[in-house]
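I opened the file to look up pockets and helix packing. My notes follow.

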Amino acid sequence: TMSEFRFAYSNLMDYYQRIFRDFNNEMAKQYKLSDKALNGLIGEILVAQEAEKLGFKVSDEEVSKEIVSNPYFQKNGAFDKESYNNMVKFTLNTTISAYENRVRMQLLSRKLRNYLVDNITVSDTEAKDEFVAGSEKIDAFVYVFADSYLKAENKNALLSAITDEEAAAYLKDNESKAKMAFEDNVSKYSKGEGQTVFEDVKNDVAKDLLLAPKLEEKIKADSAKLLGMLKEKPELSAEEIAAAFADWEISGREISVTKKSTFAAGIGFSPKFIEKLFSDPEPKLVDEVFKTEENRYVVAKITNHAAADMAEFEKSKAAIKANLANEKKGQIYEAYVEKLRAEAHIEINKDFLKLFEGSEK
């Protein structure tokens, strides 16, 4: 119902605001909080329905105990019936019997979830692998080439070299692609007065699309050039590199990653780059320019490889096992819910969601 959805959304909002102090409505939209709240409710109901089919039961006493222990219905540390009635009727906008049925469904869902995951175990080998993945470390010195690091005057020179005739020829065969690029970046092409339409800026859009492969070609060539220079002279100075790559705002930086890392400072998200470093972790210049998942080109030199200190493993084994068990439980439950969703008939009031998202305060 609307009230259940709003309450679930409000609880999620409170949760994220405790984690991120500046969490606001705009961030809520980026995190797709509406979808999270709705999917959580759908999953809970599906699991509860399945629990009923499998013969799970919830007694009236269990429902009563759950309600009495809910801090929302307490005053001075004890259950308060007036607070309970007011919250259910005015905040949740439902009846006592409907709310208690909802609690019964939640308890059914919880019982089946516990049944699914209660006996999950983690072996010493799994814990050891997890410890090594989080403790083994590589330090590297990297140079990163990306279009955002090319000096503006050099990027503009490449753009200016693209003629109107080239843009027109491109649009002849790729107008739909250009329209999509415009719609994805309307603010970039805005003229500042009134609404900017594609026809007014299509030449600029086409030139930007023609610029992209030229930028990548330059990035690819210059990063390969730097790798070659470092192979010839490993101790190349920062001044020598700056002089050789005057077109770029480029400087080397130290990074430190573990096997579990998916992100590296200055490089961004790139599990494949981390995997490349650990595939042959001894200190040396990496033998190729690496292109990341975010289209950045990286020249890297491994400076240090520190193996995991297994003497520390026993101290943290219990905590590692507990964390891994929780991860396993979450994965098993999510997979179970997805299976139920695939088998269920679900209708969602999309119009309500649009209205709700438009009225978020």
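**Pockets**

I began with the lining of the largest pocket and found that helix 6 supplies the largest share, 11 residues. This is a predicted model, where local features need pLDDT of at least 70, side-chain atom pairs count only at pLDDT 80 or more, and totals for chains, interfaces and linings use all residues. Residues are numbered from 1 along each chain as its sequence is written, and side-chain values use heavy atoms, with hydrogens and water left out.

I noted how helices are assigned: they are DSSP runs (H or I, at least four residues), numbered from the N terminus. A pocket is an open set of points on a 1 Å grid over the protein atoms alone, where a 1.4 Å probe fits, with protein on both sides within 12 Å along at least five of seven lines. Lining residues have an atom within 4 Å of a point. A volume is the space filled by probe spheres set on the points, which are joined across faces, edges and corners.

I read a volume of about 1400 Å³ for the largest pocket. Its lining has 43 residues, and G40, L41, E44, R102 and Q106 lie nearest the centre. Helix 1 (2-19), helix 3 (33-53), helix 4 (60-68), helix 6 and helix 14 each give at least two residues to that lining. By class, I got 18 nonpolar, 14 polar and 11 charged residues. Nonpolar here is Ala, Val, Leu, Ile, Met, Phe, Trp, Tyr, Cys and Pro; charged is Asp, Glu, Lys and Arg; the others, Gly among them, are polar.

The second largest pocket holds about 410 Å³. I found 18 lining residues, with T1, L38, I42, I45 and E347 nearest its centre. Helix 1, helix 3 and helix 15 (350-358) each give two or more residues to this lining. Helix 3 gives the most, six residues. The classes are 11 nonpolar, four polar and three charged.

**Helix packing**

Next I took the helix pairs. Axes are lines fitted to C-alpha atoms over the stretch in contact, and angles run from 0 to 180 degrees between N-to-C directions. Contact means heavy atoms within 4.5 Å.

How do helix 6 and helix 14 pack? Helix 6 (residues 96-117) and helix 14 (residues 313-343) pack at about 120 degrees, with axes 10 Å apart. That makes helix 6 oblique to helix 14. Angles under 35 degrees count as roughly parallel, over 145 as roughly antiparallel, 65 to 115 as roughly perpendicular and the rest as oblique. I listed S109, L112, R113, L116 and V117 of helix 6 against K329, I332, Y333 and Y336 of helix 14. This contact has six nonpolar, one polar and two charged residues.

Helix 7 (residues 124-135) packs on helix 14 at about 100 degrees, axes 9 Å apart. So helix 7 is roughly perpendicular to helix 14. I saw D124, E126, A127, K128, E130 and F131 of helix 7 meet F313, S316, K317, I320, K321, L324 and K328 of helix 14.

Last, the axes of helix 5 (residues 81-91) and helix 6 come within 9 Å and cross at roughly 90 degrees. Helix 5 is therefore roughly perpendicular to helix 6. Y84, N85 and V88 of helix 5 touch I96, Y99 and E100 of helix 6.
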